[in-house]
Amino acid sequence: MRRQPKKNPAPKGSVQKSTSRNPKRRRAAKRPLIGWAAAAVAGIALICWGALSRQTASGNTATGEAAFEHVRQMVSLGPRPSGSTAHETMQRYIVEQAEAAGWTVEQDRFTASTPNGPVPMNNIIARHPGSSPDARVIILAAHYDTKLFNEFRFLGANDGASGAGLLLALAPVLSQRNYQHAVWLVWLDGEEAFREWTDTDSVYGSRHMAAKLQSEGAVPNIEAFLLVDMIGDRDLGIRRESNSTPWLTDLVWGVARRLGHQRHFLNSTHTISDDHLPFLAAGIPSVDLIDFDYGTAGSYWHNAADTLDKLSPESLQIVGDVLLESVAELDRR
Ligand SMILES: [Zn+2]
């Protein structure tokens, strides 16, 4: 991904979509409370609920630990640029783990034209059906390639493995839930540029998938696209991303606040080019959860310092909790 200069306009579609598809259902109180007793009961209930949800959010560590273990496995394969042997090994790992967790897995292989010539790529799409017969789809996505560097050994613990590992950790949790919506877990290939980041040398997998959804007329079936990238930093601080669909960003940040994670889901904004852009351009409501402040002045980003010791299971747990609750909230809409 790449940080965009401040004033870059959002791609077409994101803003329009957000206003038309965001019927903020804020219900006004229909009648005044009947007295102090009722107010007190409601207040106590709210405090208990708040405490309970915070306790649940911080008390459960299984998802974060599982995600961290998946990241460790991925990093142990070494650099994993698209087309490499380690990248193929990682594909098998993802497919095996997702199938073991009860998902139906499709491997969408294609050949990307890159400045380095044709490169084989593979978007891995795991599907869990919704309970409603006309179920729309909620997509959770991450890229799983690491950027190609010849001059040093780039392990991409955060940039590549963290999001891919978190989706794997969520797979057995999500498959046990009974949502009306279908849920897809998508491991996108070829997010990274082979040389300099341009519109044609970047986000190969997401461009391929968004184009395919468009050609199949499937775009209206997609409720939301939630992207995670670089979310394992032990010093976790995720800003609102300004290309992302406003109502979806608000929904995720509202969930984070409710779970007590406002220290990690910041109210400041940044603008990032990432795998969500092709989906936004296709008219799919999309949000990019990315902590781009990785090391002092981004010093761990795209270099040999992006290693496992910079990550923590706690950060992965926090983002996992927010994703799970965001899916549940989207499912209730
Ligand atoms: Zn990167």
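A residue is taken as buried if 20 or more other C-beta atoms lie within 10 Å of its own, as exposed if 12 or fewer do so, and as partly exposed in between, with C-beta atoms placed from the backbone. The structure is a predicted model, in which local features need pLDDT of at least 70 and side-chain atom pairs count only at pLDDT 80 or more, whereas totals for chains, interfaces and linings use all residues. Residues are numbered from 1 along each chain as its sequence is written.

Of the 333 residues in the chain, 47% are buried. The secondary structure comprises nine helices and ten strands, assigned as DSSP runs (H or I, at least four residues, for helices; E, at least two, for strands) and numbered from the N terminus. Contacts are defined by C-beta atoms, placed from the backbone, that lie within 7 Å; among those between residues at least 6 apart in sequence, 81% join residues at least 24 apart.

Glycine 117 belongs to strand 3, which spans residues 117-128. Because 10 other C-beta atoms lie within 10 Å, glycine 117 is exposed. Its C-alpha atom is separated by 10.0 Å from that of phenylalanine 194, 77 residues apart along the chain.

Helix 4 (residues 85-100) packs with helix 5 (residues 157-174) at an angle of about 20°, the axes being 9 Å apart; axes are lines fitted to C-alpha atoms over the stretch in contact, and angles run from 0 to 180 degrees between N-to-C directions. The two helices are therefore roughly parallel, a term applied to angles under 35 degrees. Ile94, Gln97 and Ala98 of helix 4 make the contact with Ala164, Leu168 and Ala171 of helix 5.

How values were computed. Contact = placed C-beta atoms within 7 Å. Parallel < 35°, antiparallel > 145°, perpendicular 65-115°, else oblique.
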